[in-house]
Amino acid sequence: MPRPAGPLRPPREVPMSFDPALQSCDLLIEAGWVVPIVPHGVVLEGHAVAIDGDSIVAVLPIAEARGRFAPREVVSRPDAALMPGFVNSHTHNPMTLLRGVADDLPLMEWLNNHIWPVEAAVIGPEFVADGVTLAVAEMLRGGTTCANENYFFPDVQAAVYKRLGFRARVGLPVIDFPTAWAKTSDEYFDRAVEVHDQWRGDALVSTTFAPHAPYTVCDANFERVRMLSDQLDVPVHLHTHETAQEIADSLTQYGQRPLARLDRLGLVNDRLIAVHMTQLTDGEIALCAERGVSVVHCAESNLKLASGFCPVCKLQHAGVNLAIGTDGCASNNDLDMFGETRTAALLAKAVGNDASALDAASALRAATLGGAKALGLDACIGSIEPGKQADLICVDLGAIETQPLHHVISQLVYATGRHQVRDVWIAGAPRLRERVLVDLDVDALIANARQWRERIRTVRA
């Protein structure tokens with residue numbers, strides 16, 4: 001049983017002198033509890049994680065770690081849980097600047113009459129860069145270390161993520177109408193390949209194809225996406241089966257439900273990241289399990305837009321890989337993966353009429369390793385294992401809100417808030433220290449967000 005967490009003690013963060021008899025490493029993080037995700041549901045009490053460069057070297061009891069390693073730095077967190085950073089598997093991060101612009105509306109009215117008109121007036125490289133920067137700050141403060149991005153100007157997004165040392169899969173947009181990013185289908189694909197080639201092999205930034213949705217992408221463009229996805233070995237990140245209206249419209253236009261149409265076009269495979277998926281038959285769930293499709297559950301956005309309920313319990317029982325995403329701030333309205341994971345777990349129980357559905361350990365896995373697997377990054381992130389990238393967060397469990405501490409994983413999912421994230425590392429580099437962002441000016445971010453509020457207010461007047 002884990003020991004109760006007492007008052008938060010001062011950290012020990014000191015350079016260490018080298019002992020030639022010991023193995024050198026850059027960082028040793030000592031935690032009250034390590035939640036490695038693999039093995040499933042395990043909590044390691046009084047353990048340390050050794051990091052050298054960007055990678056995890058070892059996970060072992062603190063006493064053994066001190067006897068084996070000569071670290072250049074030790075971070076001691078006796079009242080914290082060390083876990084993998086969250087993988088936010090579906091985001092529109094530039095839309096942080098549209099937070100609260102059009103609330104309490106159904107999806108298509110929200111999208112057609114409010115979001116798209118505002119975007120048409122303000123979207124551009126500056127909007128995208130500033131929105132992503134604000135989003136990265138929010139995500140780091142909430143323990144997210146990787147995002148699966150779906151928005152325009154992926155070249156700008158990628159440059160910002162790289163500059164800020166944040167891990168991201170950047171979507172290469174495809175949609176059947178002109179935007180500020182591209183005017184024709186050929187231009188969408190030409191620019192997509194150009195951005196992919198620019199970031200091919202980068203340690204932090206990679207790409208997906210991001211055709212918007214079945215109702216905004218024609219068969220010919222889906223076929224081009226499939227061909228390039230196969231050739232370049234990149235995932236396809238797609239909103240689908242989001243609302244009952246989408247299903248009805250697809251039956252009218254194509255004589256098929258969207259998933260059947262995607263299957264006809266060769267897209268239902270282990271590269272498909274299917275987002276929302278609130279309208280599924282048992283046969284469609286079986287197809288997703290058979291083909292290795294990953295489903296991203298965006299519980300709070302679906303609730304807010306009244307889009308429907310993802311059948312998480314059935315997907316889980318079928319063996320479908322589940323991931324969790326916040327969606328964008330215009331429809332959620334935050335990037336809080338602690339809150340999203342809790343909502344996903346609770347909603348799964350209500351929808352499935354099963355209190356054991358998406359239990360705490362499974363919810364935490366979906367928010368970390370499940371997301372990494374959906375993005376095709378599970379070989380390098382999503383769990384605390386030697387050889388993987390050191391994308392890690394320390395979460396303070398000594399606060400009154402998480403006392404008494406009977407079960408660490410349950411507490412992380414059902415009682416912990418993002419304000420309890422204390423430290424964040426991405427690829428071994430510190431991005432949040434003692435709740436202070438590294439290399440980001442909070443006052444400047446807030447001032448910039450306020451000037452965007454005024455600009456957006458003007459175009460909506």
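Biologist: Which residues lie nearest the centre of the largest pocket?

Modeller: In this predicted model, local features need pLDDT of at least 70, side-chain atom pairs count only at pLDDT 80 or more, and totals for chains, interfaces and linings use all residues. Residues are numbered from 1 along each chain as its sequence is written, and side-chain values use heavy atoms, without hydrogens and water. A pocket is an open set of points on a 1 Å grid over the protein atoms alone where a 1.4 Å probe fits, with protein on both sides within 12 Å along at least five of seven lines, and lining residues have an atom within 4 Å of a point. The lining comprises 32 residues, and nearest the centre lie Leu111, Trp116, Glu119, Phe152 and His212.

Biologist: Which element gives the most to the lining of the largest pocket?

Modeller: Two or more lining residues come from each of α2 (107-122) and β8 (167-174), where helices (H or I, at least four residues) and strands (E, at least two) are DSSP runs numbered from the N terminus. With 7 residues, the element that gives the most is α2.

Biologist: How is α2 oriented relative to α15?

Modeller: The axes of α2 and helix α15 (residues 442-460) are 10 Å apart, at an angle of about 110°; axes are lines fitted to C-alpha atoms over the stretch in contact (heavy atoms within 4.5 Å), and angles run from 0 to 180 degrees between N-to-C directions. Since 65 to 115 degrees counts as roughly perpendicular, α2 is therefore, relative to α15, roughly perpendicular.

How values were computed: Angles under 35 degrees count as roughly parallel, over 145 as roughly antiparallel, 65 to 115 as roughly perpendicular and the rest as oblique.
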